Amino acid sequence: MEHSTVVESAQHLTHHVTTQGAALGIIALLPLVGSFLAFVIGKKNRDSAGWIATLAAALSFGCVLNYFFALPEGGAFEHRVFEWFSAGNISVDFLFRFDQLTAVMCLVVTGIGSLIHLYSIGYMAEDESRHRFFCYLNLFLFSMLLLVLGGNLLVLFVGWEGVGLCSYLLIGFWFKNLSFAAAGKKAFIVNRIGDAGFLLAIFLILLNFGTIDFVELGQRIGGASTELYTLIALCLFVGATGKSAQIPLFVWLPDAMAGPTPVSALIHAATMVTAGVYLLARMHYLFVLAPLAMVVVCTVALLTSLVAALIALVQNDIKKVLAYSTVSQLGFMFLAAGAGAYWVAVFHLVTHAFFKACLFLGSGSVIHACHHEQDMREMGGLGKIMPWTAATYWISTLAIAGIAPFAGYYSKHHIITALQTSGESNSLMLAYGECFATVATVVAVLTAFYMTRSACMTFLGSYRGHSHPHESPKTMVLPLVVLAFLAFVGGYLLEHQLSLAGYLHSVLPVHAHGESEGFLASLLHSWPGFLGVGLALLLYTKLTVVPAKLYGLVPPVSKLLADKFYFDEIYDFLIVKPLYLFSFGLWKGADQAVIDGSVNGTAAVVDMTGEVVRVTETGQLRHYGLFMFAAGVFITIFYLIL
Amino acid sequence: MEGLPLLSTIIFLPLLGAVMLYLLPVCKPASDSDGEVSRYTALIFSLMTFVLSVILLVAFVPEQTDMQFRESASWIPSFGIHYQLGVDGISILLVLLTTFLMPIIILASRSVKDGVRAYLFHMLALETAMLGTLLATDVFLFYIFWELMLAPMYFIIGIWGGKRRIYATLKFVLYTVFGSLLMLVAIFYSVNAYAALHGEYTFDLAKLQEGLVLSRNVQIWLFAAFALAFGIKVPLFPFHTWLPDAHVEAPTGGSVVLAGVLLKMGLYGFIRFAYPLFPLGAQVFGPYLALLAVIGIVYGALVAWAQSDIKKLVAYSSVSHLGYCVLGFVAFNVASTTGSLYQMLNHGISTGALFLLVGVLYDRKHTRLIADYGGLAAKVPVFAFLFLVFTLSSIALPLTNGFIGEFLILSGSFQTFPILTAVAVIGVILGAIYMLGLYMKTMYGELDESKNGDLTDVNSRELLVFTPLFALVFVMGIMPGPFLRVMTPTVESYVQNVQAKMVTVAQEELDYDFNPAEFSPDTVLSKRRGEASPLAQVRFEGGLQ
């Protein structure tokens with residue numbers, strides 16, 4: 001596309017009929033109040049905390065629904081709360097804006113958020129400090145809503161860092177276990193690396209366009225050099241790789257599974273980790289002006305989705321499988337964004353939120369039943385004992401596998417199509433589009449395979465563990481059923497009935513996509529899913545000896561996968577340890593020896609000089625007389641000679 | 001309030017309180033063995049000072065960009081030295097920070113057991129000196145107060161400090177004095193240069209600022225002398241090594257006042273004196289100062305990470321944070337300079353609070369080593385919560401005060417020094433590494449019952465100490481507007497004025513060589529058109545004695 005047309009379309013997409021004065025802040029405020037109340041009241045009465053928090057989340061969801069239905073087509077609501085700060089040429093408003101993209105995000109966040117709150121009541125029922133848990137969980141909702149409601153980059157950034165904080169607090173929720181606390185810290189720090197990139201992007205945008213308001217920025221974009229767009233886009237993407245766990249910053253997400261499972265479902269699958277994708281969608285007008293950056297996004301995303309899927313193949317911890325699967329699926333979302341199909345990225349974000357939240361909650365239900373056992377080798381046969389959990393887990397597995405008519409099929413199919421046609425809008429992608437699509441298809445097969453594997457190991461066969469599993473309480477089963485229902489029909493609804501593409505076309509570029517295909521065609525297009533699911537069913541129900549043999553066949557490869565490509569070890573060896581040693585050396589060597597040494601050395605020299613000179617201070621008048629005489633002679637000679 | 005010299009009252013009220021501690025019979029050790037009465041007396045005086053400074057803030061007109069509440073009285077007329085005070089948008093919030101922190105420090109002085117009265121005396125005397133330094137508009141008066149700050153601090157560290165207190169306090173005083181003396185020379189030189197041009201001696205900052213015409217070369221030298229004095233005080237890398245020693249050895253209150261107010265004096269000196277007096281020197285040195293600031297940011301953060309002593313860690317974090325302040329100021333645009341001033345307040349609050357928190361631990365367990373703690377969150381949840389909040393403020397999480405300052409500084413500096421600022425952003429990452437590392441090692445994990453099983457949570461008096469700081473963290477993070485509005489008009493006109501001087505003087509190409517003889521007293525005398533020089537009078541009088 002021509003530069004000017006791209007700019008024009010960016011300006012068009014940010015031109016809204018805005019309605020002022022809507023009290024959007026209340027959406028975010030409700031969970032904040034809930035967070036406070038859950039702690040204060042929950043401290044007295046532990047059981048009330050969960051219900052308070054859930055109520056706050058549900059009320060917030062109600063508010064979102066209200067604005068969602070009131071939102072006119074192509075319009076947006078705006079709520080300027082106050083001028084946050086201003087100095088010199090920098091002025092930032094605390095501004096909320098509710099457009100179609102925000103509406104979708106808000107619905108996901110508060111909708112799924114409410115379900116997970118409800119689920120947590122049962123899951124955390126026996127925890128001593130559950131009031132703290134619900135306080136954090138509501139605080140997370142508050143931050144996440146700031147993130148998606150923010151009308152400029154800085155309010156978004158407030159939410160961005162806020163969700164990072166809540167993630168830190170919730171991963172390390174059981175902080176008596178130091179490795180859990182360390183996982184939380186790791187998440188925060190790795191995210192901060194991304195945030196540094198994000199901050200630089202904000203500085204660059206402020207400097208070059210003089211605004212960080214999304215709408216104003218969209219109007220002013222254009223006229224700068226491609227290099228600048230590329231630089232800003234890449235800085236933003238660095239931020240996105242941190243939050244959304246992409247290579248090279250994905251290492252925190254698998255560790256984040258240390259947190260309670262509802263946290264993994266809400267924060268580390270459905271909402272927070274998709275913030276990076278949201279950021280790219282929000283800033284799409286900048287990315288389309290930086291074709292090179294989009295290729296980088298695609299490449300990183302593809303690599304991430306492939307690597308994570310490979311690692312997921314051999315994990316035995318049920319949550320680790322889901323964690324790597326999340327990394328991989330986030331890669332899929334970025335693939336769509338990189339291909340220029342931002343609405344598809346959002347589509348996959350939504351469907352993924354449905355089925356991945358369901359899968360995580362299902363795994364939580366299993367873990368809850370097996371008394372905190374997470375190793376799938378200690379499970380098996382749970383399908384008979386906990387039918388609701390098993391059924392919902394299977395539905396979601398088929399959804400993530402991309403089998404029509406389950407939800408994942410529609411978004412995934414769009415992603416692969418978008419990759420194939422990405423050359424049309426980005427000439428740099430012309431040569432690679434097909435190649436990207438092929439690898440993505442392979443990843444889709446792998447996804448179907450490892451997810452089915454996990455379902456087989458957990459629910460089929462006979463029970464291998466030693467505890468007495470039981471079906472979970474109703475508060476936990478109900479959210480599972482709702483989510484499984486959404487994972488079942490959500491994709492179809494958004495594709496055909498509600499038309500997400502049509503809904504988002506006023507805020508995101510939606511390229512004309514082909515006429516809707518028939519049911520048979522979509523079944524045909526689901527072949528990667530069928531292949532993966534079939535293969536896994538075969539290997540893990542009938543030919544159960546084969547996986548072990550395969551595993552032993554190429555030991556180095558399987559070990560490489562099992563040990564997660566040694567990312568953590570390499571980072572530790574190449575960056576963390578050397579940097580710490582460097583710091584230590586800096587302190588002992590530079591600070592104490594050289595800098596302080598020279599300070600104290602100077603003092604010592606002065607001291608010594610004093611000692612030497614002190615010898616002359618005898619207190620004897622004749623000595624002083626002698627000095628005076630000598631000095632007089634010296635001065636006379638000095639003046640005579642010169 | 002009409003007719004009351006408000007600024008003088010604010011400055012000397014603490015000193016009055018200090019004297020009262022020794023005059024009031026109830027404060028005598030005989031009748032006040034545990035120092036309670038002395039504490040309340042000191043608290044009342046510091047609170048009254050705070051109330052007065054709040055009145056000052058209310059009466060202050062932000063839109064007026066020059067000095068307000070001026071007071072002037074001739075002091076040493078023959079040299080044009082005046083007792084002259086004034087406050088503007090740059091100094092007023094620092095005054096408030098000082099008067100705000102002092103009651104908190106006095107409240108937290110319970111851990112001082114011996115010589116409470118003397119301790120409080122020094123604290124109040126220190127407050128007077130600090131306020132005088134901030135409010136003086138006469139260079140000589142400024143210098144007097146500047147040096148006066150040293151004496152109480154010398155005793156506070158030297159008497160109530162830790163094991164190596166003598167070493168630390170001597171290092172602190174000698175290092176600072178060394179820098180100040182060079183500044184004194186530079187001050188005299190400037191005054192002489194002014195006299196050479198205008199035929200009269202003056203130490204009036206406004207007059208010097210207006211009438212001083214110096215060549216670029218001279219400005220470079222004079223700026224260097226000022227920069228050394230102020231750079232040591234900030235402390236700017238590589239002049240920072242006195243700071244960790246002083247902090248570690250100082251009693252809690254000493255650390256709080258050191259980090260909270262004293263460190264800001266260095267940068268305040270740059271802002272008030274070095275830049276307006278020697279704009280060309282500033283122009284030359286600016287990028288180098290920025291470089292040192294950025295090195296300080298990264299270096300301080302890295303070295304903080306390597307520390308095993310909590311107080312030392314916080315001390316090095318101060319080096320890093322003050323680096324941000326310096327970077328913001330020398331980037332010299334309205335946003336970054338405002339951010340720098342704002343960050344000075346933030347640092348006073350959050351680092352002050354962190355030192356107070358360390359003090360709480362130290363009072364109970366008499367150790368500051370990170371390794372001696374661990375798992376405290378389960379035992380002392382309120383303490384852990386406060387620690388978390390101030391940690392987050394220190395690492396500039398949005399909606400805490402630290403974020404506003406850091407964002408204004410970095411986004412402002414980015415407009416002047418993009419590459420350096422990009423490097424400085426690394427400090428944002430490192431800050432999280434060392435602070436969260438500290439938090440994890442002390443608060444999380446399994447509690448060692450034998451070591452810390454008897455630890456008690458913050459008591460109500462300590463809670464009273466932390467509450468105002470806690471509130472400010474969020475007030476200043478969410479509603480920074482009222483604070484910023486007090487300073488932005490002054491900062492705007494300030495930056496404009498100094499920048500205009502950088503440009504116009506540069507255009508005049510006053511580039512002749514540095515020649516000290518040019519401004520020697522003899523030259524000055526010859527230019528006084530026959531009038532008797534005060535300097536000559538002094539010589540004459542001195543000769544008679």
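In the predicted model described here, the hairpin formed by strand 2 of chain A and strand 3 of chain A has two residues between its strands, and A:Gly88 takes a positive phi near 60 degrees in this hairpin. Strand 2 of chain A, which covers residues 75–87, pairs with strand 3 of chain A in the antiparallel sense, and the pairing extends over nine bridges. Within this arrangement, A:Glu78 stands opposite A:Arg97, the latter residue lying in strand 3 of chain A.

Chain A is divided into domain 1 (17–151), domain 2 (152–562) and domain 3 (571–641). The centres of domain 1 of chain A and domain 2 of chain A, taken over C-alpha atoms, are separated by 23 Å, and 37 residues of domain 1 of chain A are in contact with 49 residues of domain 2 of chain A. On the side of domain 1 of chain A that touches domain 2 of chain A, two or more residues are given by each of strand 3 (90–98), helix 4 (100–123) and helix 5 (130–149) of chain A. Of the elements on this side of domain 1, helix 4 of chain A gives the most, with 16 residues. By class, the side of domain 1 of chain A that touches domain 2 of chain A consists of 25 nonpolar, eight polar and four charged residues.

A pair of helices in chain A was also examined. The axes of helix 12 (residues 275–282) of chain A and helix 16 (residues 342–369) of chain A come within 9 Å and cross at roughly 155 degrees, which means that helix 12 of chain A is roughly antiparallel to helix 16 of chain A. The crossing in which helix 12 of chain A passes helix 16 of chain A is left-handed. Here A:Val277, A:Leu280 and A:Ala281 of helix 12 meet A:Tyr342, A:Ala345, A:Val346 and A:Leu349 of helix 16, and the contact of these two helices has seven nonpolar residues, with no polar and no charged ones.

Between the chains, 44 residues of chain B are in contact with 41 residues of chain A. At least two residues of the side of chain B that touches chain A are supplied by each of helix 7 (165–198), helix 12 (279–305), helix 14 (334–365), helix 15 (376–379), helix 17 (401–416), helix 19 (426–443) and helix 22 (481–507) of chain B. Sorted by class, this side of chain B has 32 nonpolar, 11 polar and one charged residues.

Methods:
Residues numbered from 1 in each chain as written. Chains lettered and ligands numbered in written order. Predicted model: local features only at pLDDT ≥ 70, side-chain atom pairs only at ≥ 80, totals over all residues. Contact = placed C-beta atoms within 7 Å. Helix = DSSP H or I, 4+ residues; strand = E, 2+ residues; numbered from the N terminus. Nonpolar A, V, L, I, M, F, W, Y, C, P; charged D, E, K, R; others polar. Axes fitted to C-alpha atoms, helices over the stretch in contact; angles between N-to-C directions. Parallel < 35°, antiparallel > 145°, perpendicular 65-115°, else oblique. Left-handed = near helix turned anticlockwise from the far one by under 90°. Domains from an automatic or database assignment. Pairing = 2+ DSSP bridges.
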